[in-house]
Amino acid sequence: MNTPQHAPAYNFAYLDEQTKRMIRRAILKAVAIPGYQVPFASREMPMPYGWGTGGVQVTAAILGADDVLKVIDQGADDTTNAVSIRKFFQKTAGVKTTTETAEATIIQTRHRIPETPLTARQILVFQVPIPDPLRYLEPRETETRRMHALAEYGLMHVKLYEDIARHGHIATTYAYPVKVDGRYVMDPSPTPKFDNPKMHDCAALQLFGAGREKRIYAIPPHTRVVSLDFDDHPFERYRHDDTCALCGAKDSYLDEIVTDDRGSRMFVCSDTDYCEGRRGDAGRTGTPHAEAQTP
Amino acid sequence: MNLAATESQPLLIAESLSKSFGRQVGCRNVSFDLHEGEVMAVVGESGSGKSTLLRLLSMQMEADRGRVFYRLRDGATRDLTTLGEAELRFLARTDWGFVHQDPTLGLRMAVSGGANVGERLMAVGWRHYGEIRQAATDWLSRVEIDTARIDDRPTTYSGGMRQRLQIARNLVTQPRLVMMDEPTGGLDVSVQARLLDLLRNLVAVLKLSAVIVTHDLAVARLLSHRIMVMKDGEVIESGLTDQVLDDPREPYTQLLVSSILQP
């Protein structure tokens, strides 16, 4: 290790080398079979399940000393989850961190894909709570595995049918099921369906880690990713029909923010880095780049 | 092969099927043929091996000895044990139907009635919501369920409706063979009568072949052409339904027939 800048009590990126190797083997298998959920021996991490233990392990396994890490939580760089995971890797790996999408080589994300298009030198790591798209439709794990193996995905459309029968349109707005490379149906983690088209033919490698469920899956660069739908109810992206109150963006995914208790609200970009970039350098100071770059 | 020759082949052939659970005999040496459009009832008291036989026929359970042959839609008769799991499952959700005694086993209780009927269609590749819904509506009315209930979950249906929904769900892909395990069990008499009437109609109109397991001889008499009487895992008597029920040969069959309550 040529840059032992990390805290001396930890191995580089927290996990021991054998564990990282085990995770890399799972990742390689996942890349070889796009969309297939590869079981792996998920470790206890110093954070609760649901906070990204799967994503953190994947990031730890692929992190190199010269990587630049960005962590986002619902699109934002400055929320608790993002700040703590960034700090975690600053401390245990001593890597450089950033909030700028273009500058990052590894982006760990909770539920958003950045608005700035990703490039071939970047890897996107998703934190996944429930990896199996069939989970709430078929309660038996033995059965869902068999269904994946035999590509029996009629049940996925039953879910979409129920949406239309009840709401008149496909009301699933996040964790919208996709078919990867024409074979496996995959849960894209709870990203809004607005982001689904970004997964298709993406230049960056996309890795998904589910810590509690002990599964890793992947979408290799430039893979066909199709959102499931019906011929007469095609897949539609969804965003609030408004512009960002801060940067005026008309194309980004918007968060609704309630500003008082009398019903006033504003819409702002969910991707904070994209919003700041559009507002220019003056905007960039708006978000505290709180943590120092050294531990 | 000409069509007439194919049609004269049996649809389903059971060849000396045997299954035991340790020292307990499930069924022993059961053989029969079933032709297209033919309905066979399997009767006998509880524990006589009727349900085991049905599970062996539908390949839900592996037989210790014996084989099951089935004539596929392309006319080729195949030994079912040589089919792969994917082929079997495809067969089971397109060309076969399986009606459970307890409808909660055969239905998805958490999704609407319409989705229950549409599931098989979506599984074989239907991707047009309007068409799936139309097919579901048609089938609900064919089994006499008010189409206004199409978006209600089967948990809100009565026992009779659930059983009829299960039948619609199975018949929507126009299977050629339907296996029923006590389809009228647990229903009250008037609901049973309606269900039997419905089944008899559907079987005749759709020219279905069916194996019906029942302990109710009245069901057997109403629905079936042929009957097999089982006792302790073995077939003790078989033949035309009228013949067996009106003129039973075996003492056990005589006992069964005489134990029907006469109002």
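Helices (DSSP runs of H or I, at least four residues) and strands (runs of E, at least two) are numbered from the N terminus. This is a predicted model: local features need pLDDT of at least 70, side-chain atom pairs count only at pLDDT 80 or more, and totals for chains, interfaces and linings use all residues. Residues are numbered from 1 along each chain as its sequence is written, while chains are lettered from A and ligands numbered from 1 in the order in which they are written.

**Stop 1: H5(B).** Select residues 113-123 of chain B, helix H5. A residue is buried if 20 or more other C-beta atoms, placed from the backbone, lie within 10 Å of its own, exposed if 12 or fewer, and partly exposed in between. In H5(B), 11 of the 11 residues are buried, so the helix is largely enclosed by the rest of the structure. Among them are B:Asn116, B:Glu119 and B:Arg120.

Now show the cover. It includes helix H5 (154-167) of chain A, plus H3, H6 and helix H7 (159-171) of chain B. Then step to B:Gly125, which follows H5(B) and has a positive phi, near 105 degrees.

**Stop 2: the contact between chains.** Two residues are in contact if their C-beta atoms, placed from the backbone, lie within 7 Å. Here 17 residues come from chain B and 15 residues from chain A. On the chain B side, H5(B) gives the largest share, 6 residues.

**Stop 3: B:Met109.** Select this residue in the loop between helix H4 (103-106) and H5 of chain B. B:Met109 is partly exposed, because 13 other C-beta atoms lie within 10 Å.
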